[in-house]
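The structure is shown first, and the notes follow.

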Amino acid sequence: MESLITLVNKLQRACTALGDHGEDSALPTLWDSLPSIAVVGGQSSGKSSVLESVVGKDFLPRGSGIVTRRPLVLQLHRLDEGREYAEFMHLPRKRFTDFAAVRKEIQDETDRETGRTKGISPVPIHLSVYSPHVVNLTLIDLPGLTKVAVEGQAESVVQDIENMVRAYIEKPNCVILAVSPANQDLATSDAIKISREVDPKGERTIGVLTKIDLMDKGTDAVDILEGKAYKLQFPWIGVVNRSQADINKNVDMVAARRKEREYFANSPDYKHLAHRMGSEHLAKVLSKHLEQVIKSRIPGIQSLISKTLNELETELNRLGKPIASDAGGKLYTIMEICRIFDGIYKEHLDGIRAGGEKIYNVFDNNFPAALKRLQFDKHLSMENVRKLITEADGYQPHLIAPEQGYRRLIESCLVNIRGPAEAAVDAVHGILKELVHKAISETAELKQFPTLRVEVSSAAFDSLERMREESKKATLKLVDMECSYLTVDFFRKLPQDVEKGGNPTHSIFDRYNDSYLRRIGTTVLAYVNMVCATLRNSIPKSIVYGQVREAKRSLLDHFFTELGAREMKQLSKLLDEDPAVMERRANLAKRLELYRSAQSEIDAVAWAK
C-alpha cells in the first residue's frame, strides 16, 4: 500500500507545478480529488512541534505571531537505509542535509511569494523529506488560526487565514488533523471549532492533544483521550512535545521521543493509554489511515480523470491547433481554414445544411408573384391602347396594321419586367450573404482568429457583390433582348378571320373603334404573357449561373490570389489569435498532460494491486 501514498505524492507535486493547488480555477482541478491530511490548529497550539516530532527533525520556522503564512505540503518518504535529506519542489536539483537550512528556505520562499509584509498566500510550498526514521505520509501544514493580526499585517488576515483553512478542510477527501492544547478548555479550541463546522459527525477528524505535561496539577486529559469529553470517530492521540528549554538546549528528536514514551508509560493517569499515545504512534496511525482513504478513493479518482480527459480533449479540439511559426505554415493554416469555410458554405447551397432552399423560394414564389403584380391587363386598358396607337401613327395614319403601335405597347409592358428581375437578383444576393454569415459562424476555426474571420467575410461579400453586378447585367439583358426583337411567328399564327377573333386590316374610317382596340390589347397581352413565361424560366437560370454557381466555384478566388502576395508579417496579423485563447490552450495542454500521466500512474498501481 505504500505505493499509493507515493502515487498521491507524485500527483500533488505535478498539480502544484501546474498551478493547480485547490484554488478557484476555470480549469479542471485534480488536487481537490486527491486525499490529504490537513493539520489545523490555533497559534501556540503546538502544531509545529507535532509536525517536527513526526518528522524527527527541527525544520519549521519559529517565532511570535503568524509564522506559517503559506500551506506547506510535507511529503515523508521512508528509506530502507541511507542519509536523511530534504528537497523542495521549487529547487528540484538541490538536496538539503542541514535542516536548519530547510527552515531558512521555507522562510525565504514564503517571502518570495508574499513579500516581507507578513501577508499570506494560498500557493503551497512542497517539501519532501527522505529518511529511514519516517513513515510514508503526506501532511499539509496550514497557517495557524488566530484572532488578532500582528503589526505589519492587514486586519483581514484573520479572516483570510480562516478562509484558507476552511477551503482545504471542507473538501470531503481531506482528513483533518485537529491539534488542540490540553492546558486550554477544549470548547475554545480553534481547531475543534472549525473542524466541527465542516465535519459535524467527526467522521474525518483525528484529534491530537498537545501540552498534556503542562496541565495544572490535579487535572488530567483522560476524559478527552478516552473520547468522553468530545467524541470523534477515531481515538484521540496525546503527544508530549519538547519544552522551550529542550528546544533552547537543542535536545534531539530521538531523545525527545524517548522522553515522550517514558512520560506516558510512567504516568499513573495515562499508563493504560500509553500504547496509543505519542508522536510515533500518531505518524503510524496517519500513514495507515491515509493509505485506506486513498485506496477507497482510487475508483472515484479514475472516473474523474477519464471524464476530465474527455472534456479537456473536446475543448482543445474546439480551440484548434497552435499556430505555425513559419510563413509557409501560416499560409497553409489560412488556406485550410478557408477551405473548411468554403466547404460549409457549399453545404448550405447544396441542401446538406439549411438555408439554400430560400433561393428556390425566390424563383418559385417571389419572382412569379412580382410579375403578377405588374398587372399588364390594366396597363393595356382601352384608353392606354388608344393613346399609344394614335401616338404611334403620328401625322400619317397607318394603312394596313398599327405595327409601331404594337411595338410601343409591347415594349412599354416588357420594360416593367426589369424591376422584378433586379429584385430577384438582389434577393438571391441577400440570401447568399446570409449564408456567408452562417458559414462563418459555423466554422469553428475562424472563431480562433478574429482578424482572419473579418477578412474572409469581407472577401466573400466583395465576391458576391461582383457576382451580383454581373448577374444583374446578364439578367436585364434577357429582358432587353425580348424588348429589342419581337417573335414574328406569334403574330403570323394569329387567325385572320374577324369572327374567330383575328386581327384583320381595317379601313382608316374604323381603325379606332373599341372592338378594334380591344383586339389589339388582347393580342399584346397574350404576347407579353408568353414572354413572361419564357423569362420566368430563363431569369432563374441566369441568376443561378451568374451568382449561385459562381459562389460555389470561386467565392474566395480573389482572396487567395491576393493572399499569395502577402508577407510573413501580414500573414501573422491574420492569425492574431486572442491571447486569452492562446493562454488557455497552453494551460489545457499542460493539464491534459497531467491527467494522462495521472491516469497512467493510477492504472499501474491499480493493476499491481
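## A buried glutamate and its exposed partner

Glu105 is buried, with a relative accessible area of 10%. The model is a predicted one, and in it Glu105 makes a salt bridge with Arg112. The closest N and O atoms of this pair are 2.3 Å apart. Arg112 has a relative accessibility of 51% and counts as exposed, because the cut-off for exposed is over 50%.

How many salt bridges does a search of the whole structure find? The search finds 32. One of them links Glu52 and Arg242, with 3.6 Å between the closest N and O atoms. Glu52 belongs to helix α2 (residues 47-55), while Arg242 sits in the loop between β9 (237-238) and α7 (244-248), so this bridge ties together parts that are 190 residues apart in sequence.

Are Glu52 and Arg242 buried or exposed? Glu52 has a relative accessible area of 0% and is buried. Arg242, at 10% relative accessibility, also counts as buried, because buried means under 20%.

Helix α17 covers residues 450-484 and holds both Arg468 and Glu465. These two residues are 3 apart, about one turn of the helix. Their side chains meet in a salt bridge, at 2.8 Å from N to O.

Arg468 has a relative accessibility of 19% and counts as buried, whereas Glu465 is partly exposed, with a relative accessible area of 31%. The pair is also part of a network: salt bridges that share partners join Glu465 and Arg468 with Glu422, Asp426 and Lys472.

## The β3-β4 hairpin

Which sense of pairing do strands β3 and β4 show? Strand β3 (residues 85-88) and strand β4 (residues 91-96) are antiparallel, and they pair over 2 bridges. The two strands form a hairpin, with 2 residues between them. Across the pairing, Phe88 stands opposite Leu91 in β4.

As a general point, side chains in a regular strand alternate between the two faces of the sheet.

Key. Residues are numbered from 1 along each chain as its sequence is written. This is a predicted model: local features need pLDDT of at least 70, side-chain atom pairs count only at pLDDT 80 or more; totals for chains, interfaces and linings use all residues. Side-chain values use heavy atoms; hydrogens and water are left out. Two strands pair if DSSP finds at least two bridges between them. Helices (H or I, at least four residues) and strands (E, at least two) are DSSP runs, numbered from the N terminus. A salt bridge is a side-chain nitrogen of Lys or Arg within 4 Å of a carboxyl oxygen of Asp or Glu. Buried means under 20% relative accessible area, exposed over 50%, partly exposed in between (1.4 Å probe, protein chains only).
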